[in-house]
Amino acid sequence: MMRVFLFPIASALALSACATTVPEAPGPADIAMPAEFAADYRPPVDEGTRWWEGFDDPRLDELVERALAANLDIATTRERLAASRALLLAARGDRLPWVADVGIDATTGDVGDTLSAGGVALFDPDISGRLSAQIEAAAARAAAAEYLVADRERLVAAEVARQYIELRRTGERLVLLSESTRLQEQTLRIVTLRFEAGLSANLDVRRAAADLAQTRAQSGLLELQRARAAHALAVLTGDMPREAPPVDEESGAVPAFDGGPAIGMPADLLRRRPDLLVAEADLLEAAANVGIERSDLLPSLTISGQVLLGDGSFGGIVSDFLGSLGAALDLPLFDGGRRRAEVDAAQYELQARFLEYRQGVLGVMAEVENALVGIESYSNRNADLQQAIAESERAFEQSNALYREGLASLFDVLDSQRQLISSRQSLIDSEAALAASYIDLYSAVGAQ
């Protein structure tokens, strides 16, 4: 025998299908992007390569790959991505009926044996659209978490490259420091011999010794900077900080950039920069939150049902079925304006996030423009420094020869020597800055 009492829910389900409380979120279409970048310079293109491979340095390639595989910050964002996806599944589960209080009751006594089974089910047809809005919010958070993984990978790859360039810069500076020290030691010996021969004053010896000590004093600072770069690289690759490699192992010149992926157009940034995609997902979440608050202004319906199986005997567990179905309708009445105020607050938050998104786009554009100008500026600076080094070498050779013949003062020799050493140091630092500008550029455009 079957007795089922049905509540008229067809209209409620129809309302559920029509409930649309989530507004359309602003996004890339609402941002006016220029057709081209303002800077004239464009880097050489080498299609099919990842940007760090443009330095043609196997050691750098290895470090970046290790960091992308073992970096703990990246691993953390991946775990949070898994968590957000699980919460999305949970939100979707709220659209399905819930079954609770399921149980079986069996008794044995003098009057006979009895057996019955039953359960209670709940279902929300979402006539207010709240559940749909919550699913949209959860989906937006999951998308943002996925973009955060890509953004962390972008930042880690760029930081590995920067620290590696610093390791190479300090190594080359230490090699130059050793060469400069030998040069100044040679000058000091010449001045000392001239002083002992009565051809120079003791003041000249003091000046040469002071210049030598000043050069040697740079060693500690360079070693410190080099150690910091080595420690940073170890942490980025998921290792314990370790000692910097010997200078002769990493004493090659700062690697030059030969070419990488095309940087694209300004509009491409809106689809390539992961942090901008995160901001866009945040907009979708904010719009969904508006929908959640709007749903509180609408009626909500909860459908409940109870099922009882059995006629009371062990053999009749499936011979009888009793079902009942009911519903509870919640109508928002007077709340002193609270619900409407919460809707307004959610809408203001949506607009605030859009303004943050626009600000983020402007900041990204500035990053790209700064990097392009930096590449052009440091390239020109390097050319000028190379010419300055060539002129300083000739000036030093001439002043040194004239000093030995007594036709020039030690001041002329030391001055030309300082200019030569300074120009060489500046060139190494400028080459490192040029490499860093390329790193900044490809990180700014979100290239892989």
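Modeller: I call a residue buried when its relative accessible area is under 20%, exposed when it is over 50%, and partly exposed in between (1.4 Å probe, protein chains only). The areas themselves come from the Shrake-Rupley method with a 1.4 Å probe, and for residues only the protein chains shown count as cover. The model is a predicted one, in which local features need pLDDT of at least 70 and side-chain atom pairs count only at pLDDT 80 or more, whereas totals for chains, interfaces and linings use all residues. Residues are numbered from 1 along each chain as its sequence is written, and side-chain values use heavy atoms, with hydrogens and water left out.

On the surface, Asp46, Glu47, Asp56 and Asp258 gather in a patch of negative charge. Such a patch takes residues with over 30% relative accessible area and no salt bridge, joining like charges within 9 Å (nonpolar side chains, namely Val, Leu, Ile, Met, Phe, Trp and Tyr, are joined within 5 Å). Asp and Glu count as negative and Lys and Arg as positive, while His and the chain ends are not counted; the place of a charge is taken as NZ of Lys, CZ of Arg, CG of Asp or CD of Glu.

Asp46 sits in the loop between helix 1 and helix 2, where helices (H or I, at least four residues) and strands (E, at least two) are DSSP runs numbered from the N terminus. Because its relative accessibility is 37%, Asp46 counts as partly exposed. The C-alpha atoms of Asp46 and Gly260 are 4.6 Å apart in space, although 214 residues separate the two in sequence.

Asp56 belongs to the loop between helix 1 (10-18) and helix 2 (58-70), and with a relative accessibility of 60% it counts as exposed. Its phi is positive, about 50°, although Asp56 is not a glycine. Asp126 is likewise not a glycine and has a positive phi of about 60°, but its place is the loop between strand 3 (112-123) and helix 4 (130-196), and at 1% relative accessibility Asp126 counts as buried.

Turning to paired charges, a salt bridge is a side-chain nitrogen of Lys or Arg within 4 Å of a carboxyl oxygen of Asp or Glu, and by this rule there are 30 salt bridges. In one of them the side chains of Glu367 and Arg273 meet at 3.0 Å, N to O. That pair links distant parts of the chain, 94 residues apart, with Glu367 in helix 9 and Arg273 in the loop between helix 7 (269-272) and helix 8 (274-295). Glu367 is partly exposed at 38% relative accessibility, whereas Arg273, at 2%, is buried.

Within helix 9 itself, Arg353 and Glu349 lie four residues apart, about one turn of the helix, and their side chains form a salt bridge of 3.1 Å, N to O. An α-helix has 3.6 residues a turn, so residues three or four places apart point the same way. Arg394 and Glu391, three residues apart in helix 9, form another salt bridge, at 2.8 Å, N to O.
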